[in-house]
Amino acid sequence: MAELVFFSGTMDCGKSTLALQMDYNHRARGRGGVRFSCNDRAGDSTISSRLGLQTDAVEVGGDTDFWDEVVARRTSGLRVDYLICDEAQFYSASQVEQLARVVDEMDVDVFAFGITSDFRTRLFPGSQRLIELADKVQVLQVEALCWCGRRATQNARTVNGIMVVEGEQVMVGDVAPATGDDISDADAVGYETLCRRHYMRRVTAHGANVMAGADQPLPFDVDACLWPGAGALRQG
Ligand SMILES: Nc1ncnc2c1ncn2[C@@H]1O[C@H](COP(=O)(O)OP(=O)(O)O)[C@@H](O)[C@H]1O
Ligand SMILES: Cc1cn([C@H]2C[C@H](O)[C@@H](COP(=O)(O)O)O2)c(=O)[nH]c1=O
């Protein structure tokens with residue numbers, strides 16, 4: 001029986017890598033699939049993994065109807081046994097409902113991959129509907145880490161290196177640090193995965209380094225830090 005599975009987590013925890021691996025494994029056993037993505041960092045109509053793999057995909061737009069996508073392919077004789085749906089946090093609630101219907105009415109497996117929450121810790125609409133409707137929600141085994149060594153559960157956004165908690169929900173970007181050195185016309189938007197404690201205290205890796213260098217009493221308990229690099233903070 002087909003299933004709707006949502007593989008979820010923070011940024012940089014291996015979702016796109018798993019999406020490509022699952023597509024490969026199912027295809028290798030003769031199953032027919034369609035890959036979808038939306039606003040991938042590497043560009044439209046792409047699924048890209050930071051491990052270096054990248055492949056083409058159908059770009060999901062506001063007018064994409066997953067039911068029609070499957071019907072069109074099956075009508076033209078193509079085999080559709082499963083869908084790979086990357087960056088599913090950006091799908092609309094009604095598109096997630098179409099995916100559920102594809103599973104139930106057409107017996108197509110749907111494997112969706114996406115971040116759970118945005119830079120304000122709020123659920124994305126697509127992720128919320130997936131959590132509500134999926135047969136299974138799976139948290140990825142690979143843990144993205146906070147700078148302190150704890151498991152990262154939050155995606156912080158930085159603008160010119162400073163953590164922000166207001167702005168547009170959707171801004172494509174990467175976890176590579178945005179230093180602000182390369183500012184041209186636009187501000188440099190970046191993301192950093194943090195544990196809840198450091199998200200709430202708004203301490204990014206950059207902020208922690210600044211505090212370590214300032215040689216001042218710190219506003220948080222550095223002894224609780226697990227990361228070996230946090231030793232520098234204790235000496236600071
Ligand atoms: N150079 C590298 N060597 C080994 N693993 C890497 C390398 N670069 C990235 N990774 C792995 O890839 C993961 C990110 O994979 P990716 O599929 O791009 O994440 P996501 O789609 O969840 O944002 C990282 O958590 C890390 O485990
Ligand atoms: C937290 C957050 C992220 N985004 C964007 C940034 C990236 O382009 C994607 C996540 O991709 P990944 O493969 O999981 O790294 O989402 C956003 O638009 N808004 C946010 O709040």
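Reply: The following account begins with the conventions and the chain, and then turns to the sheet, the ligands and the annotated positions.

The model is predicted, so local features are reported only at pLDDT of at least 70 and side-chain atom pairs only at pLDDT 80 or more, whereas totals for chains, interfaces and linings use all residues. Residues are numbered from 1 along each chain as its sequence is written, while chains are lettered from A and ligands numbered from 1 in the order in which they are written.

The protein chain contains seven helices and eleven strands; these are DSSP runs numbered from the N terminus, helices being H or I of at least four residues and strands E of at least two. Of its 236 residues, 34% count as buried. A residue is buried if 20 or more other C-beta atoms lie within 10 Å of its own, exposed if 12 or fewer, and partly exposed in between, with C-beta atoms placed from the backbone. Among contacts in the chain with a separation of 6 or more, 69% join residues 24 or more positions apart; contact requires C-beta atoms, placed from the backbone, within 7 Å.

The sheet in question is open and has three strands, in the order β10-β9-β11, with antiparallel pairing. Because β10 (162–164) and β11 (189–194) stand at the edges with a single partner strand each, one side of each has no neighbour in the sheet. From one strand to the next, the twist averages 45 degrees, taken between the N-to-C directions of lines fitted to C-alpha atoms, on a scale from 0 to 180 degrees. Strand β9 (residues 154–159) pairs with β10 over three bridges, two strands being paired if DSSP finds at least two bridges between them. Val159 stands opposite Ile162 in β10.

Strand β11 holds Tyr191, which an unreviewed UniProt entry annotates as "binding site"; such annotations are given in the numbering used here with shortened feature names, and may be inferred rather than shown by experiment. Tyr191 counts as buried because it has 21 C-beta neighbours inside 10 Å. Leaving aside neighbours within four places in sequence, the contacts of Tyr191 include Met11, Asn155, Ala156 and Arg157.

Asn155 and Met11 also belong to the closest residues around ligand 2, together with Asp118, Phe119 and Val172, in a shell of 16 residues. A residue is near a molecule if its C-beta atom, placed from the backbone, lies within 6 Å of it. The elements giving two or more residues to that shell are α1 (15–28) and β9. Its composition is seven nonpolar, four polar and five charged residues; Ala, Val, Leu, Ile, Met, Phe, Trp, Tyr, Cys and Pro count as nonpolar, Asp, Glu, Lys and Arg as charged, and the others, Gly among them, as polar. Met11 is also one of the residues surrounding ligand 1, which include Lys15, Arg50 and Val142.

Tyr199 lies in helix α5 (residues 196–200) and touches Gln154, Ala156 and Leu194, not counting residues up to four places away in sequence. With 22 C-beta neighbours inside 10 Å, Tyr199 is buried.

The unreviewed UniProt entry also gives the annotation "active site" for Glu87, in the loop between β6 (82–85) and α3 (93–106). Glu87 is buried, with 26 C-beta neighbours inside 10 Å. Beyond four places in sequence, Glu87 touches Ser37, Cys38, Asn39, Asp40 and Gly114.

Conventions
Contact = placed C-beta atoms within 7 Å.
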